[in-house]
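My entries follow the structure below.

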Amino acid sequence: MSKPNRPVFPVLDFSATPPVAPRKPKRLIAHGHTREDPYHWLNRRRDPAVLAHLQAENAYAETAMAPLAGLRETLYAEMLARIQEDDQSVPLRLGAWMYYSRTEQGLAYPIHARKRVIDERWEHSPEEVVLDENREAEGKTFYEVGDFEVSPDGNLLAWAEDTRGNRQYRLRLRDLRRRKDLRLSRQRITSLVWATDNRTLFYTVEDAVTQRSFQLWRHRLGEREDALLFTEHDERFSLSLMRTRSDGFLVLTSGSHTTNELRLLPADRPDARWRLFARRRAGIEYELDHHEERLLLRVNDSGPNFRLLEVPVGDWRREAWRELMAHDEAVVIEGVDLWRDWQVLSLRIHGQQTLRVTALATGETHDIAFEELAYSIEIEDLPAWDSPFLRYEFESLTTPDATFDYDPLTRRATCVKQTRVLGGFDAAHYVSRRLEALAADGTRIPVSIVHHRDTPLDGNAPLWLEGYGAYGIATDPWFSSTRLSLLDRGWIYAIAHVRGGGELGQRWHDGGRLKHKPNSFSDFVACGKALASAGYTRAGRILANGGSAGGLLVAASLRLDPALFGAAVLEVPFVDVVTTMLDPSLPLTVGEYEEWGNPQRVTDYHRLLAWSPYDTLDAHPYPPVLVEAGLHDSQVMVWEPAKYVARLRERKGSPALLVTNLEAGHGGASGRYASLHERARHLAFALAALGS
């Protein structure tokens, strides 16, 4: 489609009577304060009455969206037509093999395969399938692979799989030489790593109730019993594992949202003692990588943007630490990657992502130059220690994801793969822009914008405004081929980089968490108003979208200024904040105190109560809302969106739709085709609500 068109779209049919959740008031008392929750009974996910209500909501949503059936199929077909269904990833070398994954037309899941390297050639070697996710998913309504680890000698595969959508993973082992699965199964796996002896596997597991990763175990092939090595007792902290690219150390991280500590084990001595590098201190985060006789340390002990130091492998005393790069108010050190010959720093300079490369032999340093103004880059985890090149992925709002091999010697980047967008896509037909919104306290909030070059900027275009703003996670400009279905129909798409995210470092995160969390909501509203003032759209023509913590952002922003928005899509939204955070038995709750606050404390309780979307819903008229949930969601329980919609209807605030995936969890449907159907529903809802 070469230019945006403005056809007439079907409208949602709200003529049917929506399901009415029975009111069963429950008094909730904390700190001498009483709340009455009429829908607390929906918290019983296994209650047949709850399931019946969710099914009734699904039926009502299908009735309301029935006029959109043709539009949904059209959107699905055009989005599918843009995808190269038969595709293959860029191969990467691990030992004597080149590994890659590929997809086939009609198959929902990837196939992981490899070819042996012979005399530095591999292209004509016979393919060996390592793991066919399609075969593993047969007969299952959901399938997802978590950690995927091949032993260093290439003989064994360990992987974790989720077959329900609740992100509870089971460990499986496969002998790749005999192409036979081993009789081993461990439950609730969160991370995996092999020792370099090729027979010892370390893994972490989560608590069955809270789903916090809390124990480190060791499995040795041929031994019946696994050894429990470490238990993290602090409920704010979770465990994860990795092996340094040098194969020198295994690293166990015990971390909360603001603090961590690391334990190291020589990768070739799996029976040795895990040594604590530096004991945890509140608010201090650090990470380590290894290069020959030194460790590289990234730590925020002198400022929130981190500094860089080197530490002798044999002497971890603070007196032996040597600073390589001091803390800088304008530069965030986001990550460090080491190869034999190269060091790469992932930086943000005034919010702009940059890769800084240092030749370790000479100390010569340079930054990789990128031509676009707003983009997203990510270093790929090339496992080959002696790799002569670096690999990174680049994308922007107008540039499809591309993989580059970068030669630090010649400073030349070679594109080895770019995601193909079929159907005549031409990046020149789209325009990417940046705008700054002025928050109520004078802070400038970045906004990333993309639209078709022929879309009139006359203040009448519908605009999709997306946001997240939590956990210090940056929502960088990214490409979406499904988004083209909106842009080609005259929509404008924007990302609000609100405080609470990580776009401008730790201070940006701190500016939108705990007592400062309301900044995220007012920032989002400010971004919407700035887009209207700049002539991109107008009040009532903005669709607000967010998922999980982003769903919280949207729900709270709707309450602040409901007239600004013409519709909203809330995906698995975290909206029943106070009740959830008061229940430490729920998954992840205790660890979340550092992000939201602990309502067991009276000050935090009243602060959270002041903005919790479910607790603050009032009788204002709200725009049409599509709310999505997952029955097996372990991060945002299904009752949160269900209760939110019930109360929204009770307050006569919105024609609301609730769609619950009864076979999935937080991430929605598994498999690429099912995910496309979900996306078609979102876009059809948007087009029906706001047109083009």
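This is a predicted model: local features need pLDDT of at least 70, side-chain atom pairs count only at pLDDT 80 or more; totals for chains, interfaces and linings use all residues.

Residues are numbered from 1 along each chain as its sequence is written, and side-chain values use heavy atoms, with hydrogens and water left out.

Entry on cysteines. I looked for disulfides (a pair of cysteine sulfur atoms within 2.5 Å) and found zero. Cys527 is buried at 0% relative accessibility. Cys415 is partly exposed at 39%.

Entry on salt bridges. I counted a side-chain nitrogen of Lys or Arg within 4 Å of a carboxyl oxygen of Asp or Glu. The whole structure gave 59.

Which residue does Lys529 pair with? The partner is Asp561, with the closest N and O atoms 3.6 Å apart. Lys529 sits in helix 6 (residues 518-533) and Asp561 in the loop between helix 7 (549-560) and strand 37 (565-571), 32 residues apart. I took helices (H or I, at least four residues) and strands (E, at least two) as DSSP runs, numbered from the N terminus. Asp561 is buried at 18%.

Next I checked Asp576 and Lys643, which bridge at 2.7 Å. Asp576 is in a loop and Lys643 in helix 12 (residues 639-650), so the pair ties together parts 67 residues apart in sequence. Asp576 is buried at 0%, and Lys643 is buried at 0%.

Technical notes:
Buried means under 20% relative accessible area, exposed over 50%, partly exposed in between (1.4 Å probe, protein chains only).
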